[in-house]
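Let's take a walk through the aromatic side chains of this protein. Have the structure open as you read.

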Amino acid sequence: MDENRESQDHQDFLPKSDTISSIDSSALDDTNNLQFQNRLDLSELQQSVNKIKQEVGKIIVGQKDMVDMLIASLLAKGHSLIEGVPGVAKTVTAKLLAKSLSVGFSRIQFTPDLMPSDILGTSVFNLKKSEFEFKKGPIFSNMILIDEINRAPAKTQAALFEVMEEQQITIDGNKFKLDAPFIVLATQNPVEQEGTYRLPEAQLDRFLFKIDVNYPNLDEEIEILSREHELKDKSKTDVVTSFLTGDQIVKYQNLVSQIVVEKHLLKYIAELIVATRSNQFLYLGASPRASIAILKSSKAFAAMSGRDFVTPEDIKRAAIPVLHHRVIVTPEREMEGVSSKQIIKQIIETVEIPR
């Protein structure tokens, strides 16, 4: 009798299941109704980003990370290096992205016999005026697609140093500024492929991201075949619509530069970079240019997510594609098969995340 009463009393203290569900649902409704008011209006930027993804997604199956990083590099005023074996849609993706933008586009196929003047331009003597005139090369555009950048020797690759860093070229003592926006998308085959030249560290450091492209899985492969069959005789680029102008891109780039980054997050970025310089598995750590690259790309990721402030997750998302081509693994670890990505992941796990 007493046991039944104690059991009944105990049950009286427990909330009824209906009460729990009603509390949870009301709390959930309140949470869903919470809206954080951004100091910056990012709605138009988000709509444009989604539109780019839709246009590129008409042809490209999967590869969401690659598309996201290409868009982020565009917003962060950075250049991207895309690496993968031949045939995984590196060049096609870059062309489709360029087609969705209503800006100037040039494609340069790098070959072993390509000269710097073939890229930058050259001075030609005008017989009528009896003076030299500068004929601009294909680099004078808004979006440059360099196909198989590691097929050309170092002399030709070095022609890109100034233009990628300072958005200008110097020829015969004259400086020529390039119009904004300016972005270089370069593709390369893995260095193990025949007929390739390893890019020097100074060249790699010019790229904001190095994007690795892997093979599609079975379902994606089937979808690729289905879409190719449906295209019939249509060109892939004809399916994509151009809608974003150069002025709009510059506007978005200026908007991204205003994204808020708290001081403790700046310290977090610095700690990640410094950790690469003291890591026993790395022969060469990251430079201050790498920390600036993480700062810019994390702002871009935040804006693409609709936030006007950076979170630690944005920084962690940017860390690997920004760092893994800027550090060099020690020969001993490289022989053991340890990659720079693995070491950077370990560094991210060891550095304390600010709260």
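Which residues form one aromatic cluster? They are Phe 134, Phe 140 and Phe 176. A word on the source: this is a predicted model, where local features need pLDDT of at least 70, side-chain atom pairs count only at pLDDT 80 or more, and totals for chains, interfaces and linings use all residues. Residues are numbered from 1 along each chain as its sequence is written, and side-chain values use heavy atoms, leaving out hydrogens and water.

The structure has five aromatic pairs (rings of Phe, Tyr and Trp, the last by its six-membered ring, with centres within 6.5 Å; planes under 30 degrees apart are stacked, over 60 edge-to-face, the rest tilted). In one of them, Phe 140 and Phe 176 have ring centres 6.4 Å apart and planes at 85°, so this pair is edge-to-face. Phe 140 sits in the loop between strand S5 (131–136) and strand S6 (143–147), while Phe 176 is in strand S8 (residues 174–177), 36 residues apart. Helices (H or I, at least four residues) and strands (E, at least two) are DSSP runs, numbered from the N terminus. Phe 176 is partly exposed, at 21% relative accessibility (buried is under 20% relative accessible area, exposed over 50%, partly exposed in between, with a 1.4 Å probe and protein chains only).

Now look at Phe 209 and Phe 301: their ring centres are 6.0 Å apart with planes at 25°, so they are stacked. Phe 209 belongs to strand S10 (residues 209–212) and Phe 301 to helix H13 (residues 288–304), so the pair ties together parts 92 residues apart in sequence. Phe 209 is buried at 0% relative accessibility, and Phe 301 is buried at 1%.
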